[in-house]
Amino acid sequence: MSETASPGPLVQRPQDPEELGVYVHVPFCRDRCDYCAFATYTDRDALMERYVAACVTEVTRAMQAGALWEATSVFFGGGTPSRLSAPLLAAILTAIPRTADAEVTVECNPEDASMERLCAYREAGVTRMSFGVQSTAPHVLAALGRRHDPASVPRALEAAAAAGFVLVNVDLVYGAQGETDDDWARTIDDVLSLPNPPGHVSAYALTAEPGTPIGRDRARHPDDDVQASRYELADARLSSAGYRWEEVSNWALPGQGCRHNQLYWRQGNYLGIGAAAHSHRADDAAGRRWWNLRTPERYLKAVEAGRSPVAGEERVEGDRRELERLMLSLRTPAGVPASALPDVAELDGLVVREGGRAVLTVRGRLVANAVSSMLLVGSSSSGSS
Ligand code: SF4
């Protein structure tokens, strides 16, 4: 879309401020992983200082427009936010108004997790670290095109604990070519048996994204049955260690859930800052979504010229909005109103119905999209998901 296509949606601060998440996209990575289709670049580090200044400008303009009030959560994602020096990341965070108890997450490459960096993050107000671990098996990391050393993982979690981080996540990926059930079980056990285990684990099924090296090579595509057994293994191991699922691909110890992600799953308000960042504003009648220009160059050009970086927007209302709300809620332990799913034999073993709600079983979580396709829009009471 043209970068002059939209002046940006006018968003008014609600009279009674609701929860607001701010997502900051950092589109820089050292290397490109073979499965990655995110908006991130390995050859644009020279833009970092201008990029940070542009993000601060976008934050300032959003505040002036009433679109940004005290955030209850901030999430630096990417890309690799830890590619930015700590002072650069802190410059963006400092510009964002936050509630006193705001959750502030930074995604970090384990190899970037020096004490100096993590202490600087703490000082700047970061409260939660998320490490991209993926696997502890070197050959699996190689099959994913990841270039970090697994030995950096225990060091990163130890440094996070020493720096005072109580909330820590690790991201894992299963289903790479050459990964065995044992490799996957060992990865989970390695993470859970660390001296400083994370309170939150995200485990994602590898997907063969079009245009990526893995997407282009059928021999590297994951197998559905293997993915299903790996998921069940992850859920069993994590559940027996006291973690509870908070979304299909996310597990947390009690009190360690991710407030920012929970906002997404509730179809809440979030404001995206930076290239390719998406935003959503909810009100009673409809939801509005908008998204920024994808490349850092076009984003910078727009912001530096005093124009909006918004590339497009859409309004989501009526049945579509209700369906989205139900689909998001179905992927969490909150489930959906029981009346939102038909009472048919096909769903036996995939959902449990209790207290007027229908909640996915472990088997149901494996086929969450298929169950979603059976949702009955209009039959459930609105606002109850
Ligand atoms: S580190 Fe993350 S964002 Fe960067 S290339 Fe790898 S998967 Fe993509």
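In helix 6, Asp-181, Trp-184, Ala-185 and Ile-188 meet Ser-229, Arg-230, Leu-233, Ala-234, Arg-237 and Leu-238 of helix 8. Sorted by class, this contact between helix 6 and helix 8 has six nonpolar, one polar and three charged residues. The model is a predicted one.

**Helix 6 and helix 8**

- Helix 6 spans residues 181-192 and helix 8 spans residues 224-240; they pack at an angle of about 30°, and their axes are 10 Å apart.
- Angles under 35 degrees count as roughly parallel, so helix 6 and helix 8 are roughly parallel to each other.
- The crossing in which helix 6 passes helix 8 is right-handed.

**Helix 1 and helix 2**

- Helix 1 (residues 48-64) packs with helix 2 (residues 86-95) at an angle of about 5°, with the two axes 9 Å apart.
- Helix 1 and helix 2 are therefore roughly parallel to each other.
- On the helix 1 side, Met-48, Glu-49, Val-52, Cys-55, Val-56, Val-59 and Thr-60 take part, and they meet Leu-88, Ala-91, Ile-92 and Ala-95 in helix 2.
- The contact of helix 1 with helix 2 has nine nonpolar, one polar and one charged residues.

**Val-371**

- Val-371 is part of helix 13, which covers residues 368-372.
- A residue counts as buried if 20 or more other C-beta atoms lie within 10 Å of its own; Val-371 has 23 within 10 Å and is therefore buried.
- Apart from neighbours within four places in sequence, Val-371 is in contact with Leu-330, Leu-347, Leu-350, Val-351, Leu-360 and Gly-364.
- Val-371 and Arg-294 are 77 residues apart along the chain, and their C-alpha atoms are separated by 32 Å.

**Asn-292**

- Asn-292 belongs to strand 11, residues 286-292.
- Asn-292 is buried because 26 other C-beta atoms lie within 10 Å.
- Not counting residues up to four places away in sequence, Asn-292 touches Gly-272, Gly-274, Ala-275, Ala-276, Ala-277, Tyr-299, Pro-309, Val-310 and Ala-311.
- One of these contacts, Ala-311, is 19 residues from Asn-292 along the chain, with 5.0 Å separating the two C-alpha atoms.

Definitions and conventions
Residues are numbered from 1 along each chain as its sequence is written. This is a predicted model: local features need pLDDT of at least 70, side-chain atom pairs count only at pLDDT 80 or more; totals for chains, interfaces and linings use all residues. Axes are lines fitted to C-alpha atoms, for helices over the stretch in contact, and angles run from 0 to 180 degrees between N-to-C directions. Helices (H or I, at least four residues) and strands (E, at least two) are DSSP runs, numbered from the N terminus. Angles under 35 degrees count as roughly parallel, over 145 as roughly antiparallel, 65 to 115 as roughly perpendicular and the rest as oblique. A crossing is left-handed if the near helix is turned anticlockwise from the far one by less than a right angle, and right-handed if clockwise. Two residues are in contact if their C-beta atoms, placed from the backbone, lie within 7 Å. Ala, Val, Leu, Ile, Met, Phe, Trp, Tyr, Cys and Pro count as nonpolar, Asp, Glu, Lys and Arg as charged, and the others, Gly among them, as polar. A residue is buried if 20 or more other C-beta atoms lie within 10 Å of its own, exposed if 12 or fewer, and partly exposed in between; C-beta atoms are placed from the backbone.
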